[in-house]
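Grab a pencil and work through these exercises with the model open beside you. Try each task on your own before you read its solution.

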Amino acid sequence: MSVYPFYISADAEGRRSEIKGGTRRADGCMTTHVYQRSEGSITEPYTIRQRSVYRDNEHYLVTEVLHDNKVIHLHETKY
């Protein structure tokens with residue numbers, strides 16, 4: 001599997017193929033929104049934000065999981 005700096009893959013019941021894709025540039029970024037119904041309304045309980053950060057001449061890849069617009073998990077690696 002080709003994995004770009006950031007890549008998502010999801011299986012959804014009723015679809016014949018995976019939902020997948022990613023950034024092509026090393027300094028690319030992407031945001032994934034997760035929606036679900038709550039008592040008839042549409043809510044967005046989670047957002048996954050992925051971005052590149054340059055610090056001290058190093059390139060880092062940062063993934064943040066947000067719940068109600070608060071970062072609840074952060075994962076960072078060197079590119």
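**Exercise 1.** Which residues does Arg 49 touch, not counting residues up to four places away in sequence?

*Solution.* Before starting, know what you're looking at: this is a predicted model, where local features need pLDDT of at least 70, side-chain atom pairs count only at pLDDT 80 or more, and totals for chains, interfaces and linings use all residues. Residues are numbered from 1 along each chain as its sequence is written, and side-chain values use heavy atoms, with hydrogens and water left out.

Step 1: find the residue. Arg 49 sits in strand E4; strands (E, at least two residues) and helices (H or I, at least four) are DSSP runs, numbered from the N terminus.

Step 2: look for contacts, meaning heavy atoms within 4.5 Å. With residues up to four places away left out, Arg 49 touches Met 30, Thr 31, Val 62, Thr 63, Glu 64, Leu 66 and Val 71.

Step 3: check the spacing to Thr 32. Arg 49 and Thr 32 are 17 residues apart in sequence, and their C-alpha atoms are 6.5 Å apart in space.

Step 4: check the cover. Arg 49 has a relative accessible area of 32%, so it is partly exposed. For this label, buried means under 20% relative accessible area, exposed over 50%, and partly exposed in between (1.4 Å probe, protein chains only).

**Exercise 2.** Is Glu 64 buried or exposed, and with which side chain does its own side chain make a polar contact?

Step 1: read its accessibility. Glu 64 is buried, because its relative accessibility is 6%.

Step 2: look for a polar partner. A polar contact is a pair of N or O atoms within 3.5 Å; within protein, one must be able to donate a hydrogen and the other to accept it, and residues adjacent in sequence count only if both atoms are side-chain atoms. The side chain of Glu 64 has such a contact with the side chain of Arg 51, at 3.1 Å.

Step 3: list the neighbours. Leaving aside those within four places in sequence, Glu 64 is in contact with Thr 47, Ile 48, Arg 49, Arg 51, Val 71, His 73 and Leu 74.

**Exercise 3.** What lies around the side chain of His 59?

*Solution.* Step 1: go to strand E5, which covers residues 58-67 and includes His 59.

Step 1: at 13% relative accessibility, His 59 counts as buried.

Step 2: pick out the polar atoms. The side chain of Ser 52 makes a polar contact with the side chain of His 59 (3.1 Å). A polar atom of the His 59 side chain also lies 3.3 Å from the backbone oxygen of Ala 26.

Step 3: Beyond four places in sequence, the residues in contact with His 59 include Asp 27, Val 53, Tyr 54 and Thr 77.

**Exercise 4.** Where do Asp 56 and Asn 57 lie, and what is phi near in Asp 56 and in Asn 57?

*Solution.* Step 1: find the loop. Asp 56 is in the loop between strand E4 (41-55) and E5, and Asn 57 lies in the loop between E4 and E5 too.

Step 1: read phi. Phi is near 50° for Asp 56, a positive value in a residue other than glycine. For Asn 57, phi is near 60°, again a positive value in a residue other than glycine.

Step 2: check the cover. Asp 56 is exposed, with a relative accessible area of 69%, and Asn 57 counts as exposed at 85%.
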